[in-house]
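Subject: Structure for your review

Hello,

Please find the structure below, with the sequence alongside. My notes on it follow.

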Amino acid sequence: MIEHLAPEIVNGIVLGAFYAIIAIGLSLIMNLTGTINLAHGSFMTLAGYLAFTLMSRGSNFWFALAASAICTAIIGLVVERLLISPLYKRVPLYSLLLTFGLSLVFEEVFRLIWGPSTVPFSAPPELSGATQIGDVFLPTYRLFIMVALVVVMVALLVFLYRTRLGLRLRGAVQDAEMLAALGTNTQLLYMTNFGLGILLAAIAGVLAAGLLGLGPTMGNDLLMPAFITVVIGGMGSLAGSIVGGLLVGLAISITTLYLPAASEVIMYVLMAVVLLIRPRGLFGEEGIFG
Amino acid sequence: MFLPKRGAAADLIVIGASEEITGVYAEPARNEIRGMQLAVDQINKAGGVLSRQVKLVIEDNANNPGTAVEKARKLIQVDKINALIGTVNSANSQATSNVCLEATIPFVDTGGHTDSVTGQQCHWTSFRTCHSTWMETHATGYSIANKLGKKWYYLAPDYAFGHSLLDGYKDIEKKLGVTVVGEDLAPLGTTDFSAYLTKVLNAKPDVLIIMQQGQDLINCLKQANSLGLLKRIAVAGPQGEIENFWSLPKEARVGYWGFEWYYKSALVTGKNKAAADFIKTYTDLYKQPPTARSVFGYVTAQQLAAAITKAKSTDAVKVSQALSGEHFQGLWQGDAYYRDVDHQLIWPMWFGQVRGDGAGGDEWNIFEVVDSQPGDKVEKPADDQKAVCKLNYPA
């Protein structure tokens, strides 16, 4: 069985990178405003459907990817301003309930517009096919996903650590009140931050649609592993989300090889073990949630 | 004292339909309903049943066995139905079948395939139109060995339905002298199949038999395509639902599958005029060709009406006896009958290939039927079924 391990590790890394990018979006939103965004998966699905609609009207994959991600982020901003921002001053339970309700509404709207079953969404021809290296088959689309996710993560880190706005965002996570007192418009920061989280979700959503069936529940199916990634990695840590994602991805892939029946439950076991040893998660800062 | 009889209030024959209108089976359920509706409309236009009009009362069981039980009870108690038809999800079929036995209402399972409905948990009130999982695995097993090779790899969903399909193939593999080079059970709802698929690539079988359904099947095929597996290894499976394949991208419309019916194949419909008329009327009405699901609904409603006519009554025992063993001409070549030993409809099953683009200027036409197996060859022998299924008609 050991000779099959190499392909599983590659699979695990791709899957993990995927969970990580979703988890980073969740984590960004959670850190700054305490909003546990249960509608995150719906934004992923929305982006997938928008890309599908553009492509079925003749657009190419790359334009569809960019346009749908931006449109989804704009819709995200509207939702944030109209519905979520009024709840920032309340305990997280309110926004949790709101986003949960939103995810149900989104799902039904998807059913009404695009129908209950999956729609035919495929990756562009230049990304189909696979390369074989020894015993390892590497689908081009998966390699592309991995590269795309690395690029997105690097861009995000540069933004957060090398720009003024990024600096303010990090400052707001530490002490939003002080930042406001110093004359920074924190509402604008909240908005940017939410938009950024949704943009990441949207990119992940379009990429996922090429890999999975694009149906009304696609994003929500990916949301649970992403939440577990956040918990394992530790709330408030981007590095944690990346490491957590890779751990979850690798655990799932390797378990599939040796004990397929446990492949879905392994991430919960991993979470339980991490929480027992380190209750704040691997990279979590203490007391982020009170 | 005035005692209203079932369905007598408005002098109607009332047939209840329980379908998965919401949830993952919404599309097959819709097509079953369309078939039923068309049959009922045609029956009513021709004067009804026992000179009474037929009314179809449709309920959404929400793809949930608990809801299916509630809806069946509601149809029986409130709508005073004379018979119940429907269901796509096997768990719903069995649950509904059990409720109908308690209430002594004839039930015809249109589209739930699990063996138990006409096997261990069969009832004198219950019948089934679609094929059993046993029939699906045996029909496709013969055709796969015949057309694709005898070195197999199994990939099945890890729940009751997947296990019963696997049992079916394991039975047929011995009869055919097949070598199995690998077997994996993937949890239901698996999103990433690449780990399984790389194992398959390394095992190099002639055929990968995929038993996943719905979303799992779509994920699996899309990923098999991106891994380049589809170019190296033939894929096949017990049941190809055209509703699924229509929603797949072209490059994932691949493989050899068991077909329960198809609208454009001489092997299926032959020169059957009833089938040709049905296909034309249905396509004109719904702007989409009928699927196997539409046929389940249509044939079920039609045969139930015929049984009530033959029984000259809506009495459950009389209707069940009239339906049982009666040979009829379906919407395919050759005849069919609900077998008296277990009430399973015995009819042929087909096998064929899925193609990316519609053929002959018809975008819907993506199946190519290449083989067919007679129903009595692929279902468990009647003598074996007697030991498993006890119908126990009331004296």
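Predicted model: local features only at pLDDT ≥ 70, side-chain atom pairs only at ≥ 80, totals over all residues.

I start with a single residue. Thr131(A) sits in strand S1 of chain A, which covers residues 130-133. Is Thr131(A) buried or exposed? Thr131(A) has 11 C-beta neighbours inside 10 Å, so it counts as exposed.

Chain A

Chain A has 10 helices and 2 strands. Read from the N terminus, the order of its elements is α-α-α-α-β-β-α-α-α-α-α-α. The radius of gyration of chain A is 19 Å, close to the 19 Å that the globule rule gives for 290 residues, so chain A is as compact as a globular protein of that length. Along the principal axes, the C-alpha atoms of chain A fill a box of roughly 60 × 50 × 35 Å. Of its 290 residues, 50% count as buried. Among the contacts in chain A with a separation of 6 or more, 74% are between residues 24 or more positions apart.

Chain B

Chain B contains 15 helices and 15 strands. A compact globule of 395 residues would have a radius of gyration near 21 Å, and the 21 Å of chain B agrees with that. The C-alpha atoms of chain B fill a box of roughly 75 × 45 × 35 Å, again along the principal axes. Of the 395 residues of chain B, 56% count as buried. For contacts in chain B between residues at least 6 apart in sequence, 70% join residues at least 24 apart.

The assignment divides chain B into domain 1 (12-131 + 270-344) and domain 2 (134-259 + 349-377). Their C-alpha centres lie 28 Å apart. Where the two domains of chain B touch, domain 1 gives 14 residues and domain 2 gives 13 residues. On the domain 1 side, H1 and H12 of chain B are the elements that give two or more residues. H1(B) has the largest share of that side, with 3 residues. By class, the domain 1 side has 4 nonpolar, 7 polar and 3 charged residues.

One helix of chain B

Helix H13 of chain B runs over residues 316-323, and its buried residues are Ala316(B), Val319(B), Ser320(B), Ala322(B) and Leu323(B). Why do these count as being on the same side of H13(B)? They cover an arc of only 165 degrees around the axis, which puts them on the same side of the helix. An α-helix has 3.6 residues a turn, so residues three or four places apart point the same way. The buried residues of H13(B) pack against strand S3 (83-86), strand S5 (126-128), helix H12 (292-311) and strand S12 (335-338) of chain B. Just after H13(B), Gly325(B) takes a positive phi of about 80 degrees.

Where the chains meet

How many residues of chain B are in contact with chain A? There are 29 of them, in contact with 35 residues of chain A. On the chain B side, helix H1 (26-45), strand S7 (179-186), helix H6 (194-203) and helix H7 (214-226) each supply at least two residues. H6(B) gives the largest share of that side, 7 residues. The side of chain B that touches chain A has 11 nonpolar, 10 polar and 8 charged residues.

The nonpolar core

In soluble globular proteins, nonpolar side chains tend to be buried together. Here the largest nonpolar core has 197 residues. The residues with the most contacts inside this core are Phe18(A), Ile22(A), Ala202(A), Ala204(A), Ile15(B), Leu155(B) and Ile209(B). Helix H1 of chain A (residues 5-33) gives the most to the core, with 16 residues. Domain 1 and domain 2 of chain B both give residues to the core, so it lies between them. Apart from its neighbours within four places in sequence, Phe18(A) is in contact with Ile145(A), Leu149(A) and Ala204(A).

Regards

Notes: Residues numbered from 1 in each chain as written. Chains lettered and ligands numbered in written order. Contact = placed C-beta atoms within 7 Å. Helix = DSSP H or I, 4+ residues; strand = E, 2+ residues; numbered from the N terminus. Nonpolar A, V, L, I, M, F, W, Y, C, P; charged D, E, K, R; others polar. Rg over C-alpha atoms; globule rule 2.2 N^0.38 Å. Buried ≥ 20, exposed ≤ 12 C-beta atoms within 10 Å, placed from the backbone. Core = buried A, V, L, I, M, F, W, Y, C linked by C-beta atoms within 7 Å. Domains from an automatic or database assignment. Arc of directions from axis to C-beta.
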